[in-house]
Amino acid sequence: MKKNLLLILLVFLSAAATAQSVKKPFQPSDFYKIPTVSDPEVSPDKQWVAYSVAEIDVEKDKRVSHLWMQSWDGKQSIQLTHGPEPASKPKWSPDGKYLAFLSSRETKDTTQLWLMDRRGGEGRKLTNVKGDLDDYAWSPDGRKVVLVMQDPEEKLKEPAKTPKPIVIDRYHFKQDIEGYLEHRRKHLYLFDIATKTLDTLTNGDFDDASPEWSPDGKVIVFVSNRSPEPDRNENTDIFAVEAKAKGALKQLTKWGGHDNHPRWSPDGKYIAYLRQNTDSYTMYDMNILCVMNADGTNISLASAGLDRPADAPEWSPDGKSINFLVEDDMERYVASYDLQSKKIKTIARGKFNIDGITAHTAGNFVVEYGTPYMPFELYALQGGKFRRLTYHQKEWLDNVKLAYVKPFKSVSRDGTSVSGLLFTPDSLPASKLPFILYIHGGPVGQDDYSFDATRQILASAGYAVAAVNYRGSAGRGINYTTTINADWGNKEVMDLQGAVDELVKQGIADPDRLGVGGWSYGGILTDFMIASDTRFKAAASGAGSALQIANYGIDQYVLQYDNELGQPWKGIEAYNKISYPFLHADRIKTPVLFMSGLSDFNVPTAGSEHMYQALKSLGVPAELVLYPGQHHGISKPSYQVDREVRYIKWFDKYLKK
C-alpha cells in the first residue's frame with residue numbers, strides 16, 4: 001500500500017513538474033512583459049554599470065523607465081529609482097559619487113536634471129528650466145553640466161480654451177513626433193551645479209546637439225547645421241565652443257554631407273566622429289569612421305575601405321584605438337581601429353546583434369547584446385568573449401516557447417544574391433506551412449540577428465515567416481543600398497519574389513497560402529508586391545503610401561523628393577513610376593489590412609487611406625485600422641498588442657481556411 005502511494009505521489013510530482021516546465025508559444029500579450037535595457041554608463045572606478053530599464057505599466061498603458069546599477073563582477077544588481085515617473089539617461093559624476101539623470105517627476109510638462117547620491121537617499125532636482133531637456137554631459141571637474149535644451153514654448157498669460165494658431169514659414173515644416181516646425185530650436189547651455197546659474201553657450205535659428213567636453217574642460221564640441229538654409233540640406237558639421245559664456249566658436253568640419261557623433265581622445269589631441277559617405281543629400285547614405293586633430297586638421301577616413309556602415313565610435317582608455325560597430329550582412333559586430341597601424345580588426349562577431357558599446361578598461365567593454373531569442377541585455381566583453389551582466393529578460397523568456405530562426409539565401413531573377421532570416425514554429429517543419437513575407441522598413445537598415453517580436457509572434461501562431469534584406473538594405477555595401485535610388489518597387493520586388501520562390505522550392509512555404517506584410521517602407525513594398533503578384537492571399541500594409549505625389553508637402557521627406565525625384569512640376573513621370581500600386585490598383589486581388597497612426601507625420605495616414613479607398617472602390621476586401629494619437633512608431637502598449645492580434649486574425653482568416 002505504501003509503495004502504491006509513493007508511486008502515485010511520484011507520478012503526481014512528475015506531472016506537476018512537467019506542467020510547470022511546458023512553455024506556451026509567444027503571444028501578443030507577452031509584449032507587456034518585455035523590458036527595454038539601455039543607456040549603460042560605467043562608473044569612474046570601473047566597479048559599476050548604471051543603466052535604465054523601461055517596463056510597461058499595464059494599468060496606465062505606458063512604458064516607464066527606471067535606473068539600475070549592476071556590479072562589473074555580476075554579483076550585485078540594485079534598482080535605484082521607483083515610482084510612476086520615469087528616470088532615464090544616467091551619467092556618473094567624474095568623481096563617481098553621484099549619478100545624474102533626466103526625469104519629469106514633479107514637473108510633468110518639462111524634463112529636468114536630477115542628482116542622486118550613489119551612497120543612498122532620494123534624488124534631488126538640480127534644474128528648473130522652462131525648455132525641455134534633451135541631453136546633457138558633465139564637465140571633467142564635475143562642477144558644471146552642459147545642457148541640450150529646446151527653446152521654451154510661448155505660453156499665454158491666462159489659460160485659453162482656444163489654442164494659438166500655428167504659424168509656419170519653414171521649407172521643412174513638419175516632423176514626426178515633433179509635429180509642425182516653427183522656430184523652436186535646441187541650444188547648448190552651461191549649468192553651474194553649486195550656484196545653479198545658467199549661461200547660454202549657443203543660440204540662433206538652428207539646432208545644436210551631441211555636446212562633448214574636451215578632457216581639460218576648456219572646450220565643448222557639438223553638432224549643428226549652420227549652413228545658410230539648414231532646412232534644405234542635412235549638412236551637419238562639428239563645431240567647438242569655449243566652455244564659458246560668450247565663448248569663441250570654431251567650425252571644425254566642412255564636409256557637404258553630415259558629420260556627427262564626435263568623441264574626444266583621452267589626451268585631447270584627436271576627435272573621432274562619423275561622416276556621411278557623400279557630400280550631398282541622399283536617403284541612402286552610409287557612415288564612415290573618421291579621425292581628425294582637435295583643431296579640425298588632418299582628417300583620416302578610417303573605415304572607408306570596409307564599405308560597410310560604421311556606428312558608435314568609442315575610444316579605448318589608453319587612446320591607442322577607436323572601437324566601433326559595423327553592420328555587415330545581418331550582423332552588427334564590434335571592431336577596432338588602431339591609430340598607429342591604421343588597421344581595423346574584428347573584436348567579436350557572430351549571429352547576435354550589438355546595439356551599443358561602452359569602454360570599461362583596455363580591451364574590455366560593456367555592450368548591449370541581443371539575439372533572435374533574447375531582447376537586449378548588458379554583457380561584459382572581455383578578450384573577445386561575452387559575459388552576461390543583467391537578467392531582466394529571463395523571467396518572461398523562461399515561460400514562452402520562441403520560434404526557430406535560421407538564415408537562408410535566395411537568388412533573384414537577375415542573379416543577385418539576397419540574404420534573409422526564416423522563422424518557423426519548430427526547427428524542422430514536417431510539412432508546408434502557411435507563409436508570411438514580413439518586410440522591413442527603411443529602406444536603409446537591415447534585418448539582423450536581434451530579437452524580432454512581430455515575426456516571432458507570427459511564427460508562433462503557426463506560420464513560416466521570412467525577413468529579407470532586399471536591395472536598398474544596409475550591410476551589403478553602398479552599391480547594394482543605392483541601387484534603388486529613384487526606382488522604388490523594382491529591384492526590391494524582384495528580391496522579395498526570389499526569396500518567396502526559394503522558400504516555396506524548399507517545401508517550407510505553401511504556395512497556396514502566401515501572405516505579405518510590413519510597416520513603413522515595408523508597407524509601401526507590400527502594396528508593390530500585391531500589385532505585381534496576385535499569388536498572395538492576404539496582406540497587411542502598415543503606415544505605407546502608394547500615390548507618392550500626394551505625399552509632397554504632407555510628410556517629412558521634402559528633401560528626399562526634391563533631391564531624389566525632383567520637384568513634381570518638373571517631372572511628374574518619376575512620381576507616376578513609383579506610384580504603381582495606386583495607379584494600377586485594379587490589378588490587386590489580395591485582401592488587405594491597412595493600419596496607421598493618426599498623428600504620423602513620417603508616412604501620414606493619407607497613404608493608407610488612398611489604397612484603402614481604391615480597393616473598396618474595386619470591391620477587394622479591405623479594412624483600415626487607425627490608432628488615435630500615435631506617431632509612425634506605434635508606442636502605446638495596448639495598441640502594439642492590438643496590432644499583433646489583428647495581424648494574426650487577418651492572416652488566419654485568409655491563409656488558414
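I began with the lining of the largest cavity: α6 (521-532) and α7 (558-565) each give it at least two residues. Helices here are DSSP runs of H or I, at least four residues, and strands are runs of E, at least two, numbered from the N terminus. This is a predicted model, where local features need pLDDT of at least 70 and side-chain atom pairs pLDDT 80 or more, while totals for chains, interfaces and linings use all residues. Residues count from 1 along each chain as its sequence is written, and side-chain values use heavy atoms, without hydrogens or water.

I searched the whole structure and got 1 cavity of 30 Å³ or more. A cavity is a set of points on a 1 Å grid over the protein atoms alone where a 1.4 Å probe fits but cannot get out, and lining residues have an atom within 4 Å of a point. The volume of the largest cavity is about 180 Å³, taken as the space filled by probe spheres set on the points. Its lining has 17 residues, with W488, Y521, I524, Y557 and Q560 nearest the centre.

Next I looked up H392, in the loop between β31 (385-388) and α2 (394-397). H392 counts as buried because its relative accessibility is 17%; buried means under 20% relative accessible area with a 1.4 Å probe, protein chains only. I noted H392 in contact (heavy atoms within 4.5 Å) with residues including P35, W68 and E377, leaving aside neighbours within four places in sequence.

E85 is at 16% relative accessibility, so I logged E85 as buried.

Conventions. 1 Å grid on protein atoms, 1.4 Å probe; cavity = no way out; pocket = protein on both sides within 12 Å on 5 of 7 lines; lining within 4 Å. Buried < 20%, exposed > 50% of the residue type's maximum accessible area, 1.4 Å probe, protein only.
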